[in-house]
Amino acid sequence: MSHLLEARNLRRILPGDPPVTLVAEASLAIRPGSFTTIVGPSGCGKSSLLYLLGLIDRPTGGTLLLEGNDVSALDGDARARLRLERFGFVFQFHFLLPEFSALENVMLPIRRLGRLDHSMAEARALDLLKAAGLEGEAGKTPDRLSGGERQRVAIARALANDPTLILADEPTGNLDSQNSARVIAAFRTIASDQGRAVICVTHDLTIAAAADVRISMLDGRIVAIESSPGSTGPS
Amino acid sequence: MSGRLGLLMDIALKHLARRRRQTLVAISGVAVGVGFFLAVSAMMIGSQRDFIDQLIDAAPHIVISDELRSRPPQPGVRAFPGAAVALHGYKIRTEVRGLKDWPAILAAANMLPGAIGSPSLTGGVTLRLGGHEEALGIVGVEPELETRISTIEEKLRAGRLHDLETAQGGIIVGEELARRLGVGMGDIVAATSAPGTTRSLRIVGLFKRGQSQLAASSGYVLLREAQSLLGRPFIINRIGIHLSDPYQAEPVARQLEARFGYKAESWQERSADFLSLLVTRNVIMYSVVSAILLVASFGIYTVVSNSVSDKRRDIAILRSIGFSEFDLQLVFVAEGIILALAGVLLGWLLGYGLMAILGSLEFPIAGEDERLPLDRSPRQYAIAAAASLLAGTIAAWLPARKAARVDPVDILRGAA
């Protein structure tokens, strides 16, 4: 099976005296339709690895391949373009723009990509909000939504441009158990039913248990990669 | 492209709407700057144009007189060029003053495109009435030609220049002189010239008071009357030339002077001191109003700079979604441009209002109610808008560069 995303000896070292190693020699491969979690103690480099995989941060060494193409040395604009077209991000804090309504927040990446006209972009965003059970909240700004609703809006926004990869950083960190369960269910659906790959950094054991693949990290290094029985996990 | 720009504009507008008070203060700053720029420049340029018009119209655009810029070389020097090193103590031949072969000069002037020439003779006389004497410089003219090259007719309180032709021995003098002599329209005064000729002249016209260019002690008579009174028949010592484009006066004057040797003075040369003063005045005006616009742009800098600081989290979100550094820069530059644009539109209204108020004011000058000469041309509106938009763009661009440099990882990691 071909890899959607592959990291080979990926490194991220912050310059300084002494230099700080955030990620060391990380190698992994992500397949389409897989649900992968990255687990480990706080400060072990989970989020740093996620930002490297999501092209938000630049590696100081190693190679990152997206569908077989080396993307580790791309310039800022090309990386931004790939993030827009191929990646969707969900963070612990919802990270919605406070001045924009839920609908407008979901429309942001669609409008920036510019492939749909305004009415089609609106229709697409409404569909995503409806799928997230938020069709009645479309006109509300983030301050009028509950924590769970905001996170579901953030997931809808991550799916806006039909990405092949969803990257989530502690997406249930601020949610109660009921909302966490909804978010986990949403990720499972995204991976298994929609065929997208989901990579999720988490402390939440429930999410880790629901994943096809669990990557464990310690001190910036990947110490274990485990696949659930019958999963389409990493090679 | 328009969709992308529309989106970036939306984000910019939402940011500004969120910071309503600062936005209003910044817009007001630009509006006041633009408004006062328009009002001040309207007054300055209006008065300058009015002043230049007066300079241009005060006398013919070019005056050829019977003077030479430098004395002609002596016959000995002309005959043996380079042989005579210096000549001292020679007796200069007395020459009859006046423009020699003036009909040829006049014809050459009239041949120039859009030019009309008018011959005249000037000289000094003494007016006497009841033991009172006044020195007067008289200008002998052909009324038909003189009215075509000057605005004398507009400056007459009473009578017309053509009345010089219909009344025997007619003269037009200033109101002040007439008052000093105690004469009025139709009264007769005695005029004596330097050669001793005396004539009785009848007042057929009066110049308005305050026409300094016509001087309080000069008068107009018919050309042949002046020639007779001054004892210089058939002689003229001045040709006034009117051009359809007054700003061509300088090169045309140079050309005529080079051809005929007589001093040809353009209105620019005549008014060089005033014109250089106007340049200084303009430099001061534009420096002051530029400073006003610059200060107004500080408001824009503050708003955009605060916006960049406050929106670091939003910048990180947008970068993670896939907005480029340039997109973010454009958002904040757009904020500056929106502020400047709104300020310009309000400033235009303010400036228009100020000009309306200034234009309605009347000031009593030389016994007449005069309004301020204002320049309301669209050019000033365009300059104000261009300067404000440029200043606003630069003021926004400086902090916008900071927005583009925000590292999303720092923000995302810090928040997580």
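In this predicted model, helix α14 of chain B covers residues 378-405, 28 residues in total, and its first and last C-alpha atoms are 40 Å apart, close to the 40 Å expected at 1.5 Å a residue. The helix has a kink of about 30 degrees at Leu398(B), shortly before the proline Pro399(B). Pro399(B) is itself one of the buried residues of α14(B). Others on that list include Gln380(B), Tyr381(B), Ser388(B) and Gly392(B), along with several alanines, among them Ala384(B), Ala395(B) and Ala403(B).

Chain A contains an open sheet of six strands with mixed pairing, ordered β6-β7-β8-β3-β9-β10. Because β6(A) (87-90) and β10(A) (221-227) are at the edges with a single partner strand each, one side of each has no neighbour in the sheet. From one strand to the next, the twist averages 15 degrees. The partner of β10(A) in an antiparallel pairing over six bridges is β9(A), residues 213-218. Within this pair, Ser216(A) lies opposite Ala224(A) of β10(A).

The contact between the chains involves 25 residues from chain A and 19 residues from chain B. On the chain A side, α1 (46-53), α2 (76-86) and α3 (102-113) each contribute at least two residues. The largest share, six residues, comes from α2(A). By class, the chain A side has twelve nonpolar, four polar and nine charged residues.

Technical notes: Residues numbered from 1 in each chain as written. Chains lettered and ligands numbered in written order. Predicted model: local features only at pLDDT ≥ 70, side-chain atom pairs only at ≥ 80, totals over all residues. Helix = DSSP H or I, 4+ residues; strand = E, 2+ residues; numbered from the N terminus. Expected span 1.5 Å × (residues − 1). Bend = angle between axes of the 7 residues up to and from the residue. Buried ≥ 20, exposed ≤ 12 C-beta atoms within 10 Å, placed from the backbone. Pairing = 2+ DSSP bridges. Axes fitted to C-alpha atoms, helices over the stretch in contact; angles between N-to-C directions. Contact = placed C-beta atoms within 7 Å. Nonpolar A, V, L, I, M, F, W, Y, C, P; charged D, E, K, R; others polar.
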